[in-house]
Amino acid sequence: MKNIKTVLARCTLFSGFSESAIDDLEGIARIRRFEANELIYSKGSAISTLNIIASGVVRISSVNPAGREATLIMFSAGTWFGDSVFSPGMRRVYGATAHEAVTLIEIPGEAFRELMATYPEGYPVILDMVSRRLWAAMSIIEDDALRGVAARIGRRLLFLAEIQGNGDVGTDPVTIWITREHIANMMGMTRQGVHKWIKDFERSGLLELAYGRIVLPDPTALQRHLETIE
């Protein structure tokens, strides 16, 4: 993998920090590696860390009392997770599992909050990134209440693309490391129900299917298409 400082410097969450801040951030970070399907942390755990994915894919999920797991989102290399770091004392709302072999850069919560106090110039970007995720989550709630199945699936794919791109989608291709089974699980639908609409999008040239992933050749084209349907 790239060295720790390179990964941190390329993470959009830290783009408001000076080089000195990135140097200090590197000093408190550590590398952790997980095998496929290994638990990173469980729902309800009190440990507060911020994690940046250096390589691999992480699955964020929740488990009901009967033991049924629901996949909520997939994060791939370059993205970050562990939002509870911004709320000291708050327990993890969801669990995280290595979807495949993963290398993480882990930053202790208390040390990170102290670093933010030392370098407050990083706050505007961090607040913007967290706000974008909140807005995206609210959009999903709106979609589930007001939109049809095709629009819900298409907008969920755009949401995953936006998360991977830290809130922005453009005309460049985006690879989403997710299967149709995971989308169905994520949305509380059957695989067959998801498959029908995914294939329709594929026939329209709005996405490409590959093993273990879905590629959006031009996310803005999918966005324009979704504006024409309910």
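User: Let's start with helix H3, residues 109–118. Which of its residues are buried?
Analyst: In this predicted model, the buried ones in H3 are Gly109, Phe112, Leu115 and Met116. Looking down the axis of H3, they fall within an arc of 120°, so they line one face of the helix.

User: And what's exposed on the other side of H3?
Analyst: That side has Glu110, Ala117 and Thr118 exposed.

User: OK, switching to the cores. Which residues touch the most other members in the largest nonpolar core?
Analyst: Val58 and Phe81 do, in a core of 41 residues. Helix H5 (residues 149–164) supplies the largest share of this core, with seven residues.

User: What does Val58 touch, leaving out residues up to four places away in sequence?
Analyst: Its contacts include Phe81 itself, plus Ile40, Ile53, Ile73, Met74 and Phe75. Val58 also touches Ala96, Thr97, His99, Val102 and Leu104.

User: How many residues are in the second core?
Analyst: That separate core has 24 residues, among them Ile4, Leu8, Ile22 and Ala29.

User: Now the surface. Which residues make the nonpolar patch there?
Analyst: Met90, Val93 and Tyr94 make a patch of about 270 Å².

User: Where is Val93?
Analyst: Val93 is in the loop between strand E6 (80–81) and strand E7 (95–98).

How values were computed. Residues numbered from 1 in each chain as written. Predicted model: local features only at pLDDT ≥ 70, side-chain atom pairs only at ≥ 80, totals over all residues. Heavy atoms only, no water. Buried < 20%, exposed > 50% of the residue type's maximum accessible area, 1.4 Å probe, protein only. Helix = DSSP H or I, 4+ residues; strand = E, 2+ residues; numbered from the N terminus. Arc of directions from axis to C-beta. Core = buried A, V, L, I, M, F, W, Y, C linked by side-chain atoms within 4.5 Å. Contact = heavy atoms within 4.5 Å. Patch = residues over 30% accessible without salt bridge, like charges linked within 9 Å, V, L, I, M, F, W, Y side chains within 5 Å. Areas by Shrake-Rupley, 256 points an atom, 1.4 Å probe, with all protein chains shown as cover. Salt bridge = Lys/Arg side-chain N within 4 Å of Asp/Glu carboxyl O.
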